[in-house]
Amino acid sequence: MKYLHLIWAALFRSKTRTFLTLLSVVTAFLLFGMLDSVRVAFNSSANVSGYDRLITTSRLSITQSLPYRLQTQIETVPGVKKASYATWFGGIYQDPKNFFPNFAVGPGYIELYPEYVMPADQLKAFYATQDGAIVGEALAKLHGWKIGDTIPLQATIFPTKGSNNWNFKLVGIFHMNDNKRKGEEKQLMFNWKYFDEANDYIKGQVHWYVVDVADAGQSNRVAQAIDKLSDNSDHETKTQTEQAFNQAFFKQIGDIGLIVTSIMGAVFFTLVLLTGNTMAQAVRERIPELAVLKTIGFSNRSVLWLVLAEATLLVVLGGLIGLGLAALIMPAVSQASMGLIQLPNVPAATWGLGVAMMIVIGVVVGLLPALRAMRLNIVDALAGR
């Protein structure tokens with residue numbers, strides 16, 4: 001610590017170069033903080049213990065349908081209070097760019113989500129209107145919809161009477177009281193019975209069941225009991241948490257962990273080259289100064305540690321700023337993810353990994369310049385050779 005003023009002065013000897021390098025480090029760790037937080041989120045929630053709302057899907061894939069009759073069997077499982085079901089629709093409103101989650105839901109589905117706040121008369125109208133639909137407040141504001149409007153959706157999977165055109169009457173708008181979950185307002189739901197009767201593709205089939213568990217402490221046992229109902233059948237099930245279910249939808253585009261690792265590998269490889277070049281240039285410019293330090297009594301090892309500390313300080317300083325910015329941004333990302341990423345902040349695992357990477361990268365980029373400084377010959381350096 002007694003040489004901190006020397007390290008700091010050397011680091012900011014060329015303020016413009018240091019600032020630009022620092023900006024690169026900040027950007028790299030900002031990306032790391034956000035992407036690794038996503039990776040952590042998508043690798044979590046494998047254990048259903050402690051959750052009172054579970055999702056049951058096909059063991060093979062969330063795109064595989066399950067028989068509608070499973071609802072009554074699930075509700076007979078001890079510990080299950082209520083169950084309902086839904087089928088993914090995947091319609092498009094006007095343009096593919098306007099995509100939002102939309103699906104058909106069975107009776108009692110909305111009641112399983114008390115956080116979806118909606119007037120009682122609108123909920124009653126939803127169940128009473130065959131082609132009725134409800135949407136989140138954010139989605140309604142985005143497209144300027146109001147109660148009574150007709151919402152046309154273009155089917156991408158399920159045609160109706162030989163046509164891809166479906167029309168729904170907006171009868172209800174719900175909202176979320178939790179600002180961190182406002183992203184969940186960007187979805188549309190309509191009656192499953194109408195879908196089952198009108199679609200030309202599947203009958204009596206659903207894509208998932210939502211299960212309300214009486215005691216969250218018994219959720220593991222309940223999940224196992226539900227899955228045993230379909231053992232050795234052609235529709236074996238997998239019961240999991242809501243977050244794991246939402247993430248399974250997103251994982252259909254690829255291995256999230258591999259994608260994040262590949263991106264960050266490229267980013268940090270570039271960062272090592274850039275920062276290493278900066279440190280090498282900084283040491284070359286300070287050869288006479290380093291020779292003076294040796295002349296006044298600094299040992300070779302002391303010079304080595306001074307240069308290594310300078311490189312590490314540069315990376316750690318930029319890295320902490322980058323992770324701090326990621327921590328500020330992640331709540332907004334979580335809110336906009338419609339429940340896919342339930343991380344209000346950068347997790348501790350990401351902070352720990354990030355700090356470790358800062359130290360490793362600092363040592364790697366500073367090692368060669370530090371070795372050169374350590375081996376510096378005083379006479380040659382002062383003579384400019």
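**Exercise 1. Gln122**

Task: Decide whether Gln122 is buried or exposed in this predicted model, and find which residues Gln122 is in contact with beyond its neighbours within four places in sequence.

Solution. Start with the relative accessibility of Gln122, which is 17%. Buried means under 20%, so Gln122 counts as buried. Last, list its partners. With neighbours within four places in sequence left aside, Gln122 is in contact with Ile147, Val171, Gly172 and Ile173.

**Exercise 2. Two aromatic pairs**

Task: Classify the ring pair of Phe89 and Trp166, and state which parts of the chain the pair links.

Solution. The structure holds 29 aromatic pairs. In the pair of Phe89 and Trp166, the ring centres are 5.2 Å apart and the planes stand at 75°. Planes over 60 degrees apart count as edge-to-face, so this pair is edge-to-face. The pair links distant parts of the chain, 77 residues apart: Phe89 is in the loop between β3 (80-88) and β4 (102-105), and Trp166 is in strand β8 (residues 165-176). Phe89 is buried at a relative accessible area of 1%, and Trp166 is buried with a value of 1%.

Now take Tyr93 and Trp145. Their pair is edge-to-face, with 5.0 Å from centre to centre and 90° between the planes. Tyr93 lies in the loop between β3 and β4, and Trp145 in the loop between α5 (137-143) and β7 (150-154), so the pair ties together parts 52 residues apart in sequence. Tyr93 is buried, with a relative accessible area of 8%; Trp145, at 9% relative accessibility, also counts as buried.

**Exercise 3. The nonpolar cores**

Task: Find which residues touch the most other members of the largest nonpolar core, and list what Phe195 touches.

Solution. The largest nonpolar core has 38 residues, and Trp145, Leu188 and Phe195 touch the most other members. Helix α6 (residues 192-198) gives the largest share of this core, 4 residues. Not counting residues up to four places away in sequence, Phe195 touches Thr87, Phe89, Ala104, Phe158, Trp166, Phe190 and Ile202. A second, separate core has 30 residues, including Val283, Val303, Met358 and Leu376. For background, nonpolar side chains in soluble globular proteins tend to be buried together.

Phe195 also belongs to a cluster linked by ring pairs, together with Phe89, Phe158, Trp166, Phe168, Phe190, Tyr194 and Tyr201.

**Exercise 4. Helix α12**

Task: Compare the reach of α12 with its expected span, and locate its bend.

Solution. Helix α12 covers residues 348-374, 27 residues in total. From first C-alpha to last, α12 reaches 37 Å, close to the 39 Å expected at 1.5 Å a residue. The helix bends by about 45° at Leu367, and Pro369 follows within four residues. Pro369 is among the buried residues of α12, as are Met358 and Ile361.

**Exercise 5. Positive phi**

Task: What is the phi of Lys161, and what is that of Asn232?

Solution. Most residues other than glycine have a negative phi. Lys161 has a positive phi, near 55°; Asn232 has a positive phi, near 60°. Lys161 is in the loop between β7 and β8 and is exposed, with a relative accessible area of 77%. Asn232 is in the loop between α7 (219-228) and β12 (237-241) and counts as exposed at 77% relative accessibility.

Notes: Residues numbered from 1 in each chain as written. Predicted model: local features only at pLDDT ≥ 70, side-chain atom pairs only at ≥ 80, totals over all residues. Heavy atoms only, no water. Helix = DSSP H or I, 4+ residues; strand = E, 2+ residues; numbered from the N terminus. Expected span 1.5 Å × (residues − 1). Bend = angle between axes of the 7 residues up to and from the residue. Buried < 20%, exposed > 50% of the residue type's maximum accessible area, 1.4 Å probe, protein only. Contact = heavy atoms within 4.5 Å. Phe/Tyr/Trp six-rings, centres within 6.5 Å; stacked < 30°, edge-to-face > 60°. Core = buried A, V, L, I, M, F, W, Y, C linked by side-chain atoms within 4.5 Å.
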